[in-house]
Structures are given as structure tokens and as C-alpha cells.
Amino acid sequence: MNLHGLRLFYTVVRTGSITKAAQALHISQPAVSSQLKAFEAELNIPLLQKDGRGIVPTPFGKQLADKAETLFSVETHIEAFAQQFRDVGAGHIHVAATYLPANFLLPQLAGAFKAQYPTIDLQIETVNSQQAFEKLARYKADIAIYAGTIDKRAKDFVWDEWLEDELWFVAAPSHRLANERVSLAEVVIEPFVMREEGSSTRAQLFTLCQANHLKPPTIALQFSGLNEALSAVMAGFGINFVSSLVAKEHIKRGDLARVYVEHVPIVNSIAICTRKQEQQNELVQRFISHCKQTRFKHS
């Protein structure tokens, strides 16, 4: 396969037009058009189709663009690896982190690491659990830092358990179950306010119900952000299942109250994940070591 043609095609799909692709690649528009036609002829499969005044990928073209995205992400990863080997102080680290580590652990750690390596480009992206591992698998992240159940079936990743945290049920102080001791069956009949599907705490709640032969709770309100979900809980719209690291300060201030669910101790693992059978570059190794050295500060 002509990789140059694949790059042209992928750039057209990514930018949405031949004109923008030509600008991005610094070549003429006719050159993009002619080479794109040659690439399509080489494959003998239609790649693009008209959509109004623009063009969009065919069903096959869309799948090919997805695979090309992974390929070029690997290319970028290799280029970064070589650069970081030449100069460990001038590299790039992309961390895909779920909400808990991204907001409660990494700001302090990243600041201290940047103070030690001021010239590095350290990018921390907040994503849900599903997105974190997609980015790691597709070489769009060097590290995934994840809070949730350690999935031993995920054989493509190395799970390095870092910290442990508890998951709590919380409600508004005015809620009838606030500060009460109840069974799991009693709490899950209440309306819940949760994050979107793909959130690890939501998945853990549903798994917990399944393990205890209970119907999962009704999700009365769903938000893409935890702060928004907790604000709705504080306003009295339902119960949330959340990390103790997130809830502690709200409870101290009196914004939230715990609902004590008996006989259900829930440990939330926080893990540093990397791709299996891949030697991490020196800079990534140093960042991981930096995180581990502070492991007891957050327990």
C-alpha cells in the first residue's frame, strides 16, 4: 500500500476537504486530488463520496481512516521516542487520566515533575475509563492513569497498582438516608445521579448490584462531569456513588452526607497503566517513578 496516498486520504478525512488537506500538507490542491484518485484506483475501492458541497468517507473509507489514525499515531509515538532518547529533557508525555487521578492526584505531581524537567511537554487529558484505554491502545497516550476495578482480562496492558481508595454512597444532608445505616437493597431503590456510561464508578455500582442479585438503580440524572453530578446531588436530586477522595471535603463542609451501606466495603484501585511488551522511554519511566514515590501521601 502507498503510505503517502494513505496519508493524503487520512488528511482529507481529518480536515474535511481537499483544500484544507492541501494546506495542511503544504502541497497544491490539484496534486492532492490526482494522488488521491491514484490511491483510490490502487485499492480499487471507493473511499470518498459527495455530501452536498463537501465530501465524506464511504463506509469503507471511514474504517480505513480509523485504522490510518492508529498507524500515524504510532508513527508520532516512534518519532517522539527517538527525540526523547536524544534528549530526555525535551520530550513529550501524554497522560490519559480518569477524573479522580486527573483532578485530585496529578495536578500536584505534574507541577513537581515540571519543576524538575521544565522543558518537557507534559499533557494531561481527563477522560472516562473507556476513553483512557482506547487512547493507550491507539498510541494516543503514553500512560493511562485509571481509578476503578483492575480488569485482569485486559491482556494488552500492564496494570501497576498505585493507590487504594474507598467508594462511598453520598446524598444531600436533607435526604432521608443521609447519615443512616442501610442495606444495599435499600439504597439502590433510590434515584441515582451518575456520570455517563464508560465511567468506572458507574460500572462498579452496576457490578455490585449484579453480584448481590439486585436490580441496578434508576439513573434519574446523568452528567458527563462529576462536579455537575455532585451539584445535582447536593440539590437533592438523588444519590451518588463516588470516591472518598472526592467526597471528603464536601462532607466536611456539610454539602454532602454519607449513606452508610452495611457489609459492602468497596475498594477503588488507582493504577498506572502502560502497553504490554513495550519498553517505555526514559522520560516516561521517570514520570512513573515520580508518581510512585508519592504513593503514600494520598493514602
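This is a predicted model: local features need pLDDT of at least 70, side-chain atom pairs count only at pLDDT 80 or more; totals for chains, interfaces and linings use all residues.

Visitor: What box do the C-alpha atoms of the chain fill?

Guide: Taken along the principal axes, the box is roughly 70 × 50 × 35 Å. Of the 299 residues of the chain, 45% count as buried. As for contacts with a separation of 6 or more, 75% come from residues 24 or more positions apart.

Visitor: How is the packing of two helices read? At what angle do H1 and H2 pack?

Guide: Angles run from 0 to 180 degrees between N-to-C directions. Helix H1, residues 3-15, packs on helix H2, residues 18-25, at an angle of about 120°, and their axes lie 8 Å apart. Angles of 65 to 115 degrees count as roughly perpendicular, and those under 35 or over 145 as roughly parallel or antiparallel; H1 and H2 are therefore oblique to each other. The crossing of H1 with H2 is right-handed.

Visitor: Which residues of H1 and H2 meet?

Guide: From H1 come Leu8, Thr11, Val12 and Thr15, and from H2 come Ile18, Lys20, Ala21, Ala24 and Leu25. By class, this contact of H1 with H2 has six nonpolar residues, two polar and one charged.

Visitor: At what angle do H1 and H3 pack?

Guide: The angle between H1 and helix H3, residues 29-43, is about 115°, with axes 9 Å apart. H1 and H3 are therefore roughly perpendicular to each other. Here H1 passes H3 in a left-handed crossing. On the H1 side the contact is made by His4, Gly5, Leu6, Leu8, Phe9 and Val12, which meet Val32, Gln35, Leu36 and Phe39 in H3. By class, the contact of H1 with H3 has seven nonpolar, three polar and no charged residues.

Visitor: How is the setting of a single residue read? Is Ser73 buried or exposed?

Guide: Buried means under 20% relative accessible area, and exposed means over 50%. Ser73 has a relative accessible area of 12%, so Ser73 is buried. Its place is in helix H4, residues 59-86. The side chain of Ser73 reaches the backbone oxygen of Glu69 at 2.9 Å. Not counting residues up to four places away in sequence, Ser73 touches Arg138, Tyr139 and Lys140.

Visitor: What does Ala137 count as, by relative accessibility?

Guide: Ala137 counts as partly exposed because its relative accessibility is 41%, a value that falls between the two cut-offs. Ala137 is found in helix H7, residues 129-137. Along the chain, Ala137 and Thr19 are 118 residues apart, and their C-alpha atoms are separated by 31 Å.

Visitor: How is the backbone angle phi read? What is the phi of His213?

Guide: One item to look for is a positive phi in a residue that is not a glycine, and His213 has such a phi, of about 60°. His213 is in the loop between helix H9 (200-211) and strand S9 (219-223). With a relative accessible area of 75%, His213 is exposed.

Visitor: Where is His263 found?

Guide: His263 is found in the loop between strand S11 (257-261) and strand S12 (267-275). Its phi is near 65°, a positive value in a residue other than glycine. At 79% relative accessibility, His263 counts as exposed.

Technical notes
Residues are numbered from 1 along each chain as its sequence is written. Side-chain values use heavy atoms; hydrogens and water are left out. Helices (H or I, at least four residues) and strands (E, at least two) are DSSP runs, numbered from the N terminus. A crossing is left-handed if the near helix is turned anticlockwise from the far one by less than a right angle, and right-handed if clockwise. Contact means heavy atoms within 4.5 Å. Ala, Val, Leu, Ile, Met, Phe, Trp, Tyr, Cys and Pro count as nonpolar, Asp, Glu, Lys and Arg as charged, and the others, Gly among them, as polar. Buried means under 20% relative accessible area, exposed over 50%, partly exposed in between (1.4 Å probe, protein chains only). A polar contact is a pair of N or O atoms within 3.5 Å; within protein, one must be able to donate a hydrogen and the other to accept it, and residues adjacent in sequence count only if both atoms are side-chain atoms.
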